[in-house]
Amino acid sequence: MNRYTLGKIVKFFFHWHYDIQVTGEELLRNETTHLVLPNHTAYIDPLILFSEEWWLPICPMCDESFTRHRFYGYILRKADAIEVPDLNKSAMSREEGAQVASQLSRIAIDSLAKGKQLCFYPSGHVKLVDKEIIGNRRMAYEVCKELPEGVHVILCRMRGLETSLWSKLKPKKWKWRRTVTMIFEDHTDDLRAWARTLDRRAFNEQLENWYNTLT
């Protein structure tokens with residue numbers, strides 16, 4: 001089974017449970033290389049994104065714990081996922097963690113330069129409070145600072161899963177029919193400018209402001 005068939009099957013089953021409303025999807029349909037940077041509200045986010053945009057060969061950069069999972073790992077392998085070390089749980093020192101993070105940024109930059117459609121979460125984790133917090137994470141900043149020409153950076157803001165069983169937020173409420181919204185916006189010029197003129201923390205604050213906008 002190829003990734004496109006799998007994506008359509010997953011989408012079919014998700015639409016039994018979720019009313020998924022997508023805005024700005026046409027931004028992904030032009031013939032350019034895309035870097036998709038979503039917020040991370042719940043563990044199910046990547047699968048919803050993968051299934052809704054099944055026709056686009058997005059390569060996710062995903063935590064090693066998911067790529068090695070029996071179920072998620074199968075789907076991620078079909079999506080040609082790049083395995084990312086869990087820097088929070090690793091025994092490596094802070095300096096070693098920073099070095100690994102920079103190596104991952106280089107992998108992302110080189111992949112985009114080769115025309116690979118790429119997706120990763122700037123926060124690096126599912127949110128633990130009711131706001132997206134990126135903090136001092138470096139990957140989005142470093143990639144946008146050296147963004148290859150012709151790459152379009154598409155921000156994705158997802159809403160509707162914050163109190164689901166897939167979230168780390170409470171209260172967790174079961175709903176048979178849950179509305180999930182996905183908004184895509186092209187912010188290539190903004191992100192290039194922020195990465196060029198701001199330091200890493202200020203750059204991340206701009207991203208946080210966009211993700212936390214109430215829509």
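**Fold and helix H7**

I counted 8 helices and 7 strands in the protein chain; helices (H or I, at least four residues) and strands (E, at least two) are DSSP runs, numbered from the N terminus. The model is predicted, so I took local features only at pLDDT of at least 70 and side-chain atom pairs only at pLDDT 80 or more, while totals for chains, interfaces and linings use all residues. Residues are numbered from 1 along each chain as its sequence is written, and side-chain values use heavy atoms, without hydrogens and water.

I looked up the sheet next. The 7 strands form an open sheet with mixed pairing, in the order S1-S7-S6-S2-S5-S3-S4; two strands pair if DSSP finds at least two bridges between them. S1 (18-23) and S4 (82-84) are the edge strands, each pairing on one side only. S6 and S7 run antiparallel and are joined by 6 bridges. Cys 156 stands opposite Phe 184 in S7.

Then I turned to H7. Which residues of H7 are buried? In H7 (residues 188-197) I found Thr 188, Leu 191, Trp 194 and Ala 195 buried (under 20% relative accessible area, with exposed over 50% and partly exposed in between; 1.4 Å probe, protein chains only). They cover an arc of only 135° around the axis, which puts them on the same side of H7; the arc is that of the directions from the helix axis to the C-beta atoms. The face turned away from that side carries the exposed Asp 189, Arg 196 and Thr 197. The cover over the buried residues includes H6 (139-145), S6 (151-159), S7 (178-186) and H8 (200-211).

Lastly, I noted that 48% of the 215 residues of the protein chain count as buried.

Notes. Contact = heavy atoms within 4.5 Å.
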